Structure formats: structure tokens, C-alpha cells
Amino acid sequence: MKKLLSIIIITFGYSAFAQKTLTEKQIYSAMDAQAEAFLKESKANSFSIGIVKDGKTYTRHYGEIDKGKGNKANNSTLFEIASVTKLFTGTLVAKAVLDGKISLDDDIRKYITGSYPNLQFNGTPVTIKDLVSLKSGFNKDLPDRSEVMKVRNDSTAFKVEKLEKAYTKEQFFKDLKSIKIEALPGTVYNYNNGTLQLTAHILENVYGKSYETLLKENIFIPLKLNHTKLHISQNETIANGYDGNGVLMPFLPYSLWGAQGYLKSSLTDLTTFLKFELDKNNPLVQESQRDLLNNKNYWNAYFWDEVTVNHNGRNARKHGGAFGTQNLFWVFPDYNIGISVITNQGGENTYGNLYNAVQNLIDDLKPFGQKLIGREIEKKCFENIDSGIAYYKELKKNKPDSYNFSDESELNNLGYKLMRSGAVESAIKLFKLYVSEFPNSGNPYDSLAEAYFNNKEYALSKQNYQKAMELNPDNSNAKEMLLKIENQTK
């Protein structure tokens with residue numbers, strides 16, 4: 001399985017490496033290296049990196065927005081930041097909590113215009129806490145894109161654009177009455193853009209001001225985010241975005257309140273927002289990032305994708321994906337480092353490449369702590385997989401505290417790099433190591449099964465997909481692949 005969000009918990013190894021101080025030249029060299037690797041791997045046109053380290057800001061832009069036009073992005077270029085918008089919405093909710101305007105345990109219906117007896121599960125209402133932690137239990141999104149998304153190709157974005165453009169607030173509230181809560185609120189993760197739009201409506205009712213005004217008064221103006229906005233002026237332009245096939249994509253349409261992903265911003269403003277999110281003394285920041293559900297080591301806080309404690313200390317991540325632009329916004333408070341990377345590509349593997357770029361950057365920039373084991377053994381694995389695996393075992397035996405051996409994504413990501421390069425046999429060996437290291441997790445078997453499938457070893461592929469299903473019955477990818485294997489072997 002390609003997209004593995006690791007929630008493996010390990011001790012933060014402060015003593016594994018002596019503290020180091022990087023020069024500005026070393027920081028920019030690390031940025032250049034990751035940009036080169038990202039552009040080569042993704043084949044995207046453009047890549048921008050913004051880093052905040054110990055209060056100082058470093059930015060660089062690579063490639064060009066439109067192929068062949070030489071129009072390199074700069075610090076003022078406006079990009080769609082898509083779901084990173086959710087962090088701004090979450091910050092407003094955190095402010096409302098601190099202002100005493102709402103309580104996290106309040107029934108959301110207390111703040112919604114109209115009557116919605118359906119927004120409960122066996123008498124248990126959906127609360128504000130359930131909304132912001134993405135555990136509302138809503139059975140569908142608003143608008144419902146499920147039919148449009150069944151078949152994905154170059155035209156899908158245009159169909160979604162048409163659907164959302166035509167969707168009105170009147171229809172939203174009508175559809176809200178048909179929502180079913182299919183699980184006890186607060187128990188099942190459910191990424192739902194409609195709940196963000198509902199949150200904006202709640203904020204407007206609480207403060208008696210528009211969502212856009214609340215953004216301006218409480219975030220944009222105080223932080224001097226002069227290039228962050230819902231609506232651009234006539235003399236402004238947004239960077240074009242492309243899908244993985246190089247097809248020019250439409251911009252996200254303005255829909256309802258725009259609270260789910262309509263903001264545009266620049267790298268200058270995103271790095272300023274990184275500084276804000278790194279401020280450990282700001283009550284608003286600490287509220288918006290805190291553990292709301294007593295998970296201790298992994299939580300969503302106020303609309304974050306993930307706040308976790310791992311080999312990079314406590315860190316918080318948010319991904320924004322438009323039709324043709326993606327942004328990964330990540331803060332590492334224990335290191336006083338924040339990283340925002342942007343590309344104007346919306347391909348299948350874009351997120352994974354952004355993820356790897358940030359992981360490698362923090363690995364280069366942090367002054368202490370465990371290093372990435374997958375990165376350490378990568379070169380040897382590409383040269384000779386048996387030597388690479390032997391090196392892994394040697395390091396685990398002799399330097400167990402120096403490298404991160406507890407994060408599943410390390411071996412998973414390296415295995416997929418090998419497979420994408422055409423080294424399927426090597427990938428199979430690497431995934432076998434992955435299975436042996438994490439035998440009680442379903443994802444290693446899923447990844448090994450995919451490698452076997454690509455190598456046309458269907459019996460072994462089936463065996464491992466079945467094991468993946470046994471360990472994780474909700475694995476929809478394994479279900480689909482088992483059907484594909486059955487059809488392949490008829």
C-alpha cells in the first residue's frame with residue numbers, strides 16, 4: 001500500500017547524535033538537493049520550498065510554472081493551498097473556544113440555523129469536538145462527489161468543478177437534513193469537506209460576522225498575511241496547476257463558504273504562518289494543536305491531518321491538494337523548524353514525493369535525534385539489494401538508537417522507490433524484510449503482495465493480500481486486488 005501514514009510511537013532520541021549548527025549555505029544545499037530529487041521523481045514543472053529554522057526564513061523556487069515559459073515562481077506567487085485552508089478554519093474555532101463563545105462538548109445543532117434531528121447517533125449528538133477532530137460520523141460529503149469520483153481520469157476535475165460551482169447554500173442546508181450519522185460521533189475518522197463548510201456557518205452564527213471577515217480580523221491582519229485571501233483582485237493571478245499527465249487543470253471553484261480549501265497564499269505568507277504555528281507560547285496555537293481525544297501520541301487536533309509524537313518529536317502536518325497544485329505544511333516545534341513545500345502538480349504520486357522531500361529536509365536540518373534508516377540504506381539497496389539488507393541488519397544491531405527503526409513508512413517508501421525504478425525483484429526482497437520487521441501490521445503484506453502482482457506471481461500475491469485483509473479487514477485496496485487476481489487467473 002503506497003500511502004502509509006505511520007502512527008508508530010517511539011522514544012524521541014535526543015542523545016543519538018551530537019547537536020550540530022548548520023550554516024546558511026548548508027541549509028540551501030539541502031533544499032537544492034531535495035528539489036532536484038523531487039523534480040526528477042515527480043517530473044513536475046515547479047517546486048518551491050519555504051523553511052523556518054530558529055526564527056529565520058529560507059525560501060527557494062525551482063523550475064517554471066508553465067513548461068517552456070521560464071516563469072519561475074517567487075515569494076509573492078499566489079498558489080491554491082487547498083486543504084491547508086482548514087488550519088485557518090481550525091484556528092478560528094480554537095479562538096471561539098478560548099473566547100468562551102463555544103464549548104468543545106456542545107451539540108453542533110446549538111449553533112446551526114434550523115432544526116436537524118438527524119445529526120445524532122442513537123441519542124448522542126455530534127459535538128464541536130467531533131467536527132474539528134474529523135470524527136463527525138457523517139455518511140457523505142456535501143456536495144456528494146461519490147458518483148463523479150468513481151472513474152478518475154483527466155476529465156474528473158472538470159466534472160467536480162461543475163458540480164461544486166452549481167452547489168448553493170440553500171442546497172447545502174437541504175442536504176444536511178438528509179445526512180445520516182453512521183457511527184458514534186468521535187469514534188471513526190471521516191475526512192469530510194462538508195463539515196468544514198458547516199463549521200464556517202457555525203462561526204458566523206457565533207460571532208455575527210462573515211467567515212471571510214473573521215479570517216481577516218483574526219488571522220490575516222494580525223499576522224500581516226498580505227497575500228492570503230479567499231478572493232483575488234482583477235490584477236492578480238494564481239499559478240497554473242497540472243495533473244500527473246501534464247494536463248492543465250481548473251482552479252478550485254468558490255463553493256459555499258470556502259472554508260474547506262479555497263484560500264490562496266504565497267510562500268512568504270506560508271512561512272509567516274509556519275512561524276505562528278511554531279510559537280509554543282501562543283495559547284491559540286497550543287489550543288489548535290492539542291490532543292482533544294486523549295490519544296497521547298497521535299491525534300488530529302483542530303483539522304490537522306496528523307499531530308503525532310515520533311522520531312521527530314511532536315510534529316503537526318497538513319496536506320493541501322487542489323486539482324493541479326499540492327502543498328505540504330509541516331511544523332516540528334521540538335526542533336523549532338517548519339517546512340512548507342509547494343508544487344503545481346496534482347499527480348497520483350505527488351503527495352508521496354512531497355512527503356519524502358519534507359522527511360529528508362528535517363533529517364538534514366535537525367540538530368539531534370534519530371535519522372532515517374531508509375535513507376541511510378537506499379544507495380546500497382539500489383546497488384545490491386542483499387548488501388543493503390545486510391547493512392540494515394548491521395545498523396540495527398550496532399546502532400539501534402541512531403536510526404529510526406520503528407517507523408513502518410521507512411521500508412515501505414524505499415520498497416516503492418525500488419519498484420518504480422523497475423527493480424521489482426529487489427523490491428520483493430525489501431518488502432520481505434518489511435514483513436519480518438512488522439509482522440503484526442497489515443500494510444507490509446499489502447506492499448509485498450503488490451510487488452508479487454507486478455512480478456506476475458499471482459499465487460504469492462493472493463496469499464499476501466489475504467494476510468493483509470486478515471490483519472486489517474477494512475483494507476479496500478486488498479479487496480480490489482484480490483478480485484483483480486481472480487479475474488487475471490481465470
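Helices (H or I, at least four residues) and strands (E, at least two) are DSSP runs, numbered from the N terminus. This is a predicted model, so to speak of local features takes pLDDT of at least 70 and side-chain atom pairs count only at pLDDT 80 or more, while totals for chains, interfaces and linings use all residues. Residues are numbered from 1 along each chain as its sequence is written, and side-chain values use heavy atoms, leaving out hydrogens and water.

**The sheet**

- Seven strands make an open sheet, in the order E2-E1-E11-E10-E9-E8-E7, with antiparallel pairing (two strands pair if DSSP finds at least two bridges between them).
- Strands E2 (56-63) and E7 (298-299) stand at the edges with a single partner strand each, so one side of each has no neighbour in the sheet.
- Helix H1 (residues 24-42) packs on this sheet and touches E1 (46-53), E2 and E11 (337-343) (contact means heavy atoms within 4.5 Å).
- The direction of H1 makes about 35 degrees with that of E2 (axes are lines fitted to C-alpha atoms, for helices over the stretch in contact, and angles run from 0 to 180 degrees between N-to-C directions).

**The second largest pocket**

- H1 turns up again here, giving the most to the lining of the second largest pocket, with six residues.
- Other elements giving two or more residues to that lining include H10 (350-365), H11 (373-383) and H13 (409-420).
- By class, the lining has four nonpolar, five polar and seven charged residues (Ala, Val, Leu, Ile, Met, Phe, Trp, Tyr, Cys and Pro count as nonpolar, Asp, Glu, Lys and Arg as charged, and the others, Gly among them, as polar).
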